[in-house]
Amino acid sequence: MPDTLTHGPSPIRERGERLREGKAEMTNEMTGGEVLARMLQAHGAGPIFGMGGFQLLPFYDACRRLGLSHSLINDERCGAFAADAYAKVSGRVGLVDATLGPGATNLVTGLVEALNAGSPIVAIVGDTHRAHSWKNMTQEAHQAEILRPAVKEVIRVEVTARLPELVRRAFAVATTGRPGPVALIVPEDVCHDTIALDPESLTANARYQMAPALRARPDAHALAEAAALLAGAERPLILAGGGVHISRAAQALQTFAERFQIPVAHTMSGKGAVACSSPLSAGLFGRYDRIANGMIAEADVLLAVGCKLGEIATKRYTVPPPGKTLIHLDIVAEEIDRTYPAAVALWGDAKAGLNALNDALAGKSPPAARSAWSDEVVTRMAAWRESARERLESEEVPVSMGRLIGELNRLLPGDAILVADGGFAAHWGGLLFDQRQAGRGFLPDRGFASIGYGLPGAMGAKLAAPERPVMAITGDGGFNMVLGELETARRMGLAVTIIVVNNAASGYVKALQHLMYGEGAYQSSDLAETNYARVAEAMGCRGVRVETPDALAPALKEALANKDGPFVIDLVVTRDPAKMLPAADSRAVQVKKGDRVA
Ligand SMILES: Cc1ncc(C[n+]2csc(CCOP(=O)(O)OP(=O)(O)O)c2C)c(N)n1
Ligand SMILES: [Mg+2]
């Protein structure tokens, strides 16, 4: 029986024991910045990107003393992009900080990516000293208002002693529901303040270090309805979105699909819901597809999982065609019925929902016609592969995008991560890249589709999975936006490969101008001819220019073997705007009023 006198809680005795053990007093004077740093540490902080200013200096100093991984980024937007990619790959909370004013506003694009894509991020933002605010303090702005629509929650710390509680709150908000970014605003006087705190009271709730922190099962009645529909379906199809990866549900989805022979089509963000090599993979659906849009039209029951059914996924709201029976599983209730009416609404976590459906269908075998339907995927995909061969193996000079993806399909190991920038890269990659392993292996920034994500995205992905090869495809325009981060990647020794698709143009825009206004009618869509391999070399990185298809494989192999900092492949591709659109010959495409071809 425990001796309560000896073992019961007693602050006085504990204090005596600590003193005997040589530990410091129960309370330590520390700055608000140190409390913040210690709280991040308690939450198992991964890499933090930031660019300092006066206001957060005590935080920076505490990061130094505590040995946190904090790195200077050259543009706060890229810090948010890197944090987003880190979160997307690891499921852990991405961390970024910025000084007040321009630092805060520079974060916005990256934060909206995280908001729309469901990435857990805590962004620490400095602010003015409250004794002087609103007296034309330097760099002062209505930053909370600017940040508010870009994040799930703005939390402003008004009392230094509340820092531990509010950091815990920031992590909880970032990792629950649909995960997302939280702005934690720390005024200068809070960060520079000193406060007496017991360092051991600076604890985290382990639950909120990763997303999804909490999982909700959909309503039992709705599950039974969905199970009945799926059990009777002869031609069911799963539509997988990025939510599958946010929920870390790829394995559950693959098991479910295999068990009930249900083919799986995916959005760009949902690639990897099942391996692209799976006999059940129907590939990309929506704006571009291999075979999936046709199968959606023929399906009798659709199960959308973690998928918002937005513009690109639905080919501007024409896929699926009207009248389909849709079961919609999503963690955000208001996504259900937003763009397509759901016959059954499954409000809950993707993984928990799939497991629950699995249970509800236990003992039920699919109708006999199901296997003919799932066999169709294999037959149609084989025919598609045959039709795509010319593109994937193209000998065209300059090198075609199809050939690039063909080489990546051949050479990338199964665990590789391919980051795709916001322009063509995501469409080409989404359509043609064959990810051989289920899980998050294709990383486009489809939350906001900003160009410039490729390089910082690759950096964040590499930090999340140092053992996996990471390559990014970016346009030259996107790369121009962020190339200062080559310096960051080099300083950090990040062995990432950046493939710059060099068409000396804002190619997507030029291709659309070509299509809509005719040959030669280009406005502000040309870029100066630039050799990005030389740029990389001048910045102390490896750079290789590729101008012919046969030079591509050796360059990619060299890049894969590289372990020393960034490696840039400057890939010269067509300058003909008629040839730039993925899977569409601009000369044959008809532009319908109100629609867009790409
Ligand atoms: C921040 C931002 N500005 C503008 C756009 C619109 N946009 C989409 S693709 C594209 C062209 C980008 O050029 P580049 O990065 O060279 O890629 P390319 O299309 O030439 O392959 C532009 C401007 C965008 N997506 N993001
Ligand atoms: Mg370009």
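**Domains and a helix crossing in a predicted model**

In this predicted model, an unreviewed UniProt entry annotates residues 30–145 as "domain: Thiamine pyrophosphate enzyme N-terminal TPP-binding". The span is 47% helix and 18% strand, and its end C-alpha atoms lie 30 Å apart.

Me: Why is the crossing of helix 10 and helix 14 called right-handed?
Reply: The axes of helix 10 (residues 220–232) and helix 14 (residues 350–360) come within 9 Å and cross at roughly 65°. A crossing is called right-handed if the near helix is turned clockwise from the far one by less than a right angle. The crossing of these two helices is right-handed, so the near helix is turned clockwise from the far one.

Me: Which residues of helix 10 and helix 14 meet?
Reply: L223, A224, A226 and A227 in helix 10 meet A356, L357 and A360 in helix 14.

Me: What makes the residues of this contact nonpolar by class?
Reply: Ala and Leu both count as nonpolar. The contact therefore has 7 nonpolar, no polar and no charged residues.

Me: Which domains does the assignment give for the chain?
Reply: The assignment gives domain 1 (16–209), domain 2 (220–377) and domain 3 (393–588). The centres of domain 1 and domain 3 are separated by 33 Å, taken over C-alpha atoms. Their contact takes 25 residues from domain 1 and 24 residues from domain 3.

Me: Which elements give two or more residues to the side of domain 1 that touches domain 3?
Reply: They are strand 3 (70–72), helix 5 (76–90) and helix 6 (102–117). Helix 5 gives the most, with 10 residues. By class, this side of domain 1 has 14 nonpolar, 7 polar and 4 charged residues.

Conventions. Residues are numbered from 1 along each chain as its sequence is written. Chains are lettered from A and ligands numbered from 1 in the order in which they are written. This is a predicted model: local features need pLDDT of at least 70, side-chain atom pairs count only at pLDDT 80 or more; totals for chains, interfaces and linings use all residues. UniProt positions are given in the numbering used here, feature names are shortened, and annotations may be inferred rather than shown by experiment. Helices (H or I, at least four residues) and strands (E, at least two) are DSSP runs, numbered from the N terminus. Axes are lines fitted to C-alpha atoms, for helices over the stretch in contact, and angles run from 0 to 180 degrees between N-to-C directions. Two residues are in contact if their C-beta atoms, placed from the backbone, lie within 7 Å. Domain bounds come from an automatic or database domain assignment.
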